[in-house]
Amino acid sequence: MMTPVPDVDSRWDGLIVGPSLATLDDTRGYGEVTDGAIAWKDGRLAWVGARVQLPGDEDSLADQVIEADGWITPGLVDCHTHLVFAGDRAREFEMRLEGASYEDIARSGGGILSSVRAVRAASEDDLLRESLPRARALVADGVSTLEIKSGYGLDLDNERKMLRVARRLGEVLGIEVRTTYLAAHALPPEFSGDAEAYIDAVVEWLPVLHGEGLVDAVDAFCEGIGFTPAQTRRVFEAARLLDLPVKLHADQLSDLGGAGLVAAFAGLSADHVEYSSAESVAAMAASGVVAVLLPGAFHVLRETKLPPLEAFRQQGVAMAVATDCNPGTAPLLSLRQAMQLACTHFRLTPEEALRGATVNAAHALGLHDRGVLRVGARADFALWDIRHPSELGYWLGGRLCRGVYAGGRFIG
């Protein structure tokens with residue numbers, strides 16, 4: 001019996017046949033489908049499975065049919081970046097190699113504050129022009145969803161400028177950019193010696209920027225050279241009043257209980273987490289907080305303190321992987337390279353790294369409609385010139401990505 005030809009209204013917008021699929025549509029394994037087929041309609045996946053099981057003649061099923069080989073995975077999700085900035089901090093890289101510590105540089109007026117000066121001096125268009133090549137580099141290597149933080153403005157107008165540029169990047173590239181308010185990143189010079197007054201200002205600016213549609217989540221830098229847990233709590237309480245989710249730069253250089261604080265607010269993620277305690281890990285597990293691993297910063301800073309990876313595994317804490325793309329400690333323009341660093345430094349398996357850069361990273365942004373290849377999910381996927389998904393955590397550099405789709409549209 002012949003399968004009826006679909007009418008025009010029911011035809012898929014696009015269909016790719018031939019590649020193997022890594023669906024990740026289970027709690028373990030790649031979810032491999034050999035000689036697969038993937039179709040989409042209205043921005044959502046409409047078919048995921050074996051080519052031989054397609055419900056009819058390929059040319060009759062979709063408006064566009066593409067024959068390919070290689071592998072398709074979910075589009076990568078970079079869930080922690082500081083991608084919008086001006087200038088660079090290459091000299092600080094030299095200083096660290098000459099013996100200066102991250103704390104030494106920060107306390108001498110370098111670090112974050114040097115980027116603040118550059119961002120404040122740049123126009124919005126200048127900032128967009130500088131940031132766009134970085135975003136394009138991430139997309140070219142498989143990224144279809146991107147998080148971008150503020151935090152180099154440290155006053156209302158410049159935090160607004162950064163967040164506006166982040167939104168514009170999404171419009172230019174045709175991807176979803178999630179914006180995170182990180183005004184509690186460092187103490188600006190005009191508030192020198194008065195962190196409490198600055199936190200007052202951070203809390204005051206938040207509803208203004210949220211009202212302008214510029215804030216999807218709220219973050220802070222809870223650290224000895226950043227802000228105290230009590231000050232961070234104030235920022236989180238302001239976010240909760242606006243029903244905004246929270247994230248945190250937590251336990252990167254010391255254990256101030258930051259990961260546990262995120263859990264107390266049922267936050268999305270605790271990021272860095274090298275020094276997180278057993279108590280904080282248990283709290284993260286109980287609250288469903290994602291641990292975002294940032295091996296790029298670990299690598300550049302030549303850190304030796306590993307995150308509590310076995311505790312995360314044993315407690316069932318989901319682990320995401322992100323670039324932490326920033327001018328000071330992670331000048332990293334490839335999420336796939338971050339995956340490789342996570343395998344090398346943190347001993348993640350290639351499967352863990354791929355999950356960390358897809359489904360777990362999506363959850364770290366509060367997104368549950370992507371990161372897997374599943375009917376009904378957002379049609380975000382990447383086509384790779386590889387023979388097995390483990391290669392994504394294996395190769396150091398190189399160009400493996402043949403194309404990226406976001407919402408069913410080819411973007412690069």
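A: Two strands count as a pair if DSSP finds at least two bridges between them. The model shown here is predicted. In it, strand S14 (residues 290-293) and S15 run parallel and are joined by three bridges.

Q: Which order do the strands follow in the open sheet of eight strands?

A: In general, the strands of a sheet pair through backbone hydrogen bonds, in either a parallel or an antiparallel sense. In this structure the order is S8-S9-S10-S11-S12-S13-S14-S15, and the pairing is parallel. Strand S8 (76-78) and strand S15 (319-321) are the edge strands, each pairing on one side only. From one strand to the next, the twist averages 25 degrees.

Q: Which strands does helix H6 lie across?

A: Helix H6 (residues 156-173) lies across strand S9 (143-149) and strand S10 (176-184). Relative to S10, helix H6 runs at about 170 degrees.

Q: Where should I look for antiparallel pairing, and which strands does S7 join?

A: With strand S2 (residues 20-22) it runs parallel, through two bridges, and Leu21 has Ile72 as its bridge partner in S7. With strand S16 (residues 381-384), S7 pairs in the antiparallel sense over four bridges. Ile72 stands opposite Leu383 in S16. S16 is also joined to strand S17 (residues 401-406) by four bridges, again antiparallel, and there the bridge partner of Trp384 is Cys401.

Q: Which way do the side chains of S16 point?

A: In a regular strand, side chains alternate between the two faces of the sheet. In S16, Phe381 and Leu383 point one way, while Ala382 and Trp384 point the other way. All of these residues are buried.

Q: How many residues does the largest nonpolar core have?

A: The general idea is that nonpolar side chains tend to be buried together in soluble globular proteins. Here the largest nonpolar core has 102 residues, and those with the most contacts inside it are Leu169, Tyr181, Val218 and Phe312. A second, separate core of 15 residues includes Leu21, Val33, Ile38 and Ile72. For Leu169, contacts beyond its neighbours within four places in sequence are with Leu83, Val84, Leu128, Ser131, Leu132, Ala135, Ile148 and Val177.

Q: Is H13 mostly covered or mostly uncovered?

A: An α-helix has 3.6 residues a turn, so residues three or four places apart point the same way. H13 is mostly covered, since ten of its twelve residues are buried. Among them are Leu335, Arg336, Gln337 and Phe346.

Q: Why are Asp251 and Asp324 classed as buried?

A: The cut-off for buried is under 20% relative accessible area. Asp251 is classed as buried because its relative accessible area is 1%. Asp324 is likewise buried because its value is 2%.

Q: What does Gly43 touch?

A: Gly43 lies in the loop between strand S4 (36-41) and strand S5 (44-50). Its relative accessible area is 17%, so Gly43 is buried. Apart from neighbours within four places in sequence, Gly43 is in contact with Ala377, Arg378, Ala379, Gly407 and Gly408. Gly43 and Leu169 are 126 residues apart in sequence and 20 Å apart in space, C-alpha to C-alpha.

Technical notes
Residues are numbered from 1 along each chain as its sequence is written. This is a predicted model: local features need pLDDT of at least 70, side-chain atom pairs count only at pLDDT 80 or more; totals for chains, interfaces and linings use all residues. Side-chain values use heavy atoms; hydrogens and water are left out. Buried means under 20% relative accessible area, exposed over 50%, partly exposed in between (1.4 Å probe, protein chains only). A nonpolar core is a set of buried Ala, Val, Leu, Ile, Met, Phe, Trp, Tyr and Cys residues joined through side-chain atoms within 4.5 Å. Contact means heavy atoms within 4.5 Å. Axes are lines fitted to C-alpha atoms, for helices over the stretch in contact, and angles run from 0 to 180 degrees between N-to-C directions.
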